[in-house]
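Let's take a friendly walk through a protein model.

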Amino acid sequence: MRPLLLLLPLLFLPNRDGYGADGPQYDVASIKPNTSNPTFVYLNGPPSVHTFTATNATVQALITYAYQVSAFQLDGGPAWLRSDRFDISAKPPEGAFTRDQYLIMLQALLEDRFKLAVHHTTKEVPIYALVPAKGGLKIKPASEACTPAGSGSPPVCGNMRMGTNSFEGRSVSMTMLLRGVANALGRPVVDQTGFAGAFDLHLEFAPPMASPDNPGPTIFTALQEQLGLKLESQKGPADFLVIDHAQKPSEN
């Protein structure tokens with residue numbers, strides 16, 4: 001059974017490039033292999049909580065979280081990055097940090113404990129362009145201004161919750177929707193909608209293994225009918241993260 005991702009806050013922030021070796025780092029971090037084979041994966045971190053926690057997570061999932069890329073944007077690396085699972089608890093030093101600084105801490109943790117080394121490259125690949133559908137956009141601007149804080153339901157303001165057959169968010173950006181669609185389809189998506197600003201989002205579509213008796217709309221159809229958006233196949237440049245080195249950590 002494929003593990004269920006319970007919580008993965010979406011952050012669209014700079015990576016560690018340009019911050020150097022003296023960037024912020026976690027004060028204390030515990031990393032232990034998880035061999036209990038649970039049917040869920042749990043990742044939770046800032047801004048909803050101060051401490052980063054991962055349960056039953058692959059290193060691939062940690063890399064995509066830390067560098068804000070999709071799994072299909074990863075190249076190389078040993079097979080255990082996608083199979084071995086770990087439990088992690090990492091506590092930052094006291095003080096206030098920006099969201100990108102929290103991600104930098106996780107990147108530094110992966111470099112230190114998993115000896116992760118990566119670099120970016122650009123490839124010309126098949127992509128989707130998100131464009132207005134015939135009849136125009138059905139996206140509505142965010143109903144009210146809000147400040148990202150806390151967690152729970154409804155989704156955190158400024159973030160998007162992704163399920164197997166739905167996206168839901170409050171005051172989200174088009175970048176967040178692009179990331180969700182790219183994750184669902186396994187292909188880069190670029191914004192050609194002409195829409196700027198924040199909007200409230202609720203999108204429902206058929207899950208990958210939908211029942212033939214109740215298939216529901218595909219994500220392509222749902223985007224057109226519910227948001228007035230259309231996906232067009234194109235070819236263009238996309239960013240990929242190449243894994244140059246990684247090794248299993250010692251338990252502690």
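This report begins with the whole protein and then turns to its strands and helices.

## Before we start

This is a predicted model, in which local features need pLDDT of at least 70 and side-chain atom pairs count only at pLDDT 80 or more, while totals for chains, interfaces and linings use all residues. Residues are numbered from 1 along each chain as its sequence is written, and side-chain values use heavy atoms, with hydrogens and water left out.

## The whole protein

The protein contains five helices and twelve strands. Both kinds of element are DSSP runs numbered from the N terminus: helices are H or I with at least four residues, and strands are E with at least two.

Of the 252 residues, 41% are buried, meaning under 20% relative accessible area with a 1.4 Å probe, counting protein chains only. The protein exposes about 12,700 Å², and carbon and sulfur atoms supply 51% of that area; the areas come from the Shrake-Rupley method with a 1.4 Å probe. Now take the contacts between residues at least 6 apart in sequence: 77% of them join residues at least 24 apart. Contact here means heavy atoms within 4.5 Å.

Look for the open sheet of three strands, with the order β8-β9-β11 and antiparallel pairing. Two strands count as paired if DSSP finds at least two bridges between them. Because β8 (160–162) and β11 (199–204) each have a single partner strand, they stand at the edges, and one side of each is left without a neighbour in the sheet. On average, neighbouring strands of this sheet are turned by 5° against each other, direction ignored.

Strand β9 (residues 166–172) pairs with β11 over five bridges, in the antiparallel sense. Here Glu168 stands opposite His202 in β11. Helix α4 (residues 174–185) packs on the sheet and touches β8, β9 and β11, its direction making about 165° with that of β9. Helix α5 (residues 219–227) also packs on the sheet, touching β9 and β11, and its direction makes about 135° with that of β11. For these angles, axes are lines fitted to C-alpha atoms, for helices over the stretch in contact, and angles run from 0 to 180 degrees between N-to-C directions.

## Strand β6 and its two faces

In a regular strand the side chains alternate between the two faces of the sheet. Which residues form the covered face of β6, and which the uncovered one? In this strand (residues 85–91), Phe86, Ile88 and Ala90 make up the covered face, while Arg85, Asp87, Ser89 and Lys91 make up the uncovered face.

Strand β6 pairs with β2 (residues 28–33) in the antiparallel sense over six bridges, and Ala90 is the bridge partner of Ala29. Strand β4 (residues 52–58) is also an antiparallel partner of β6, over five bridges, with Thr53 opposite Ser89.

Note on methods. Buried means under 20% relative accessible area, exposed over 50%, partly exposed in between (1.4 Å probe, protein chains only).
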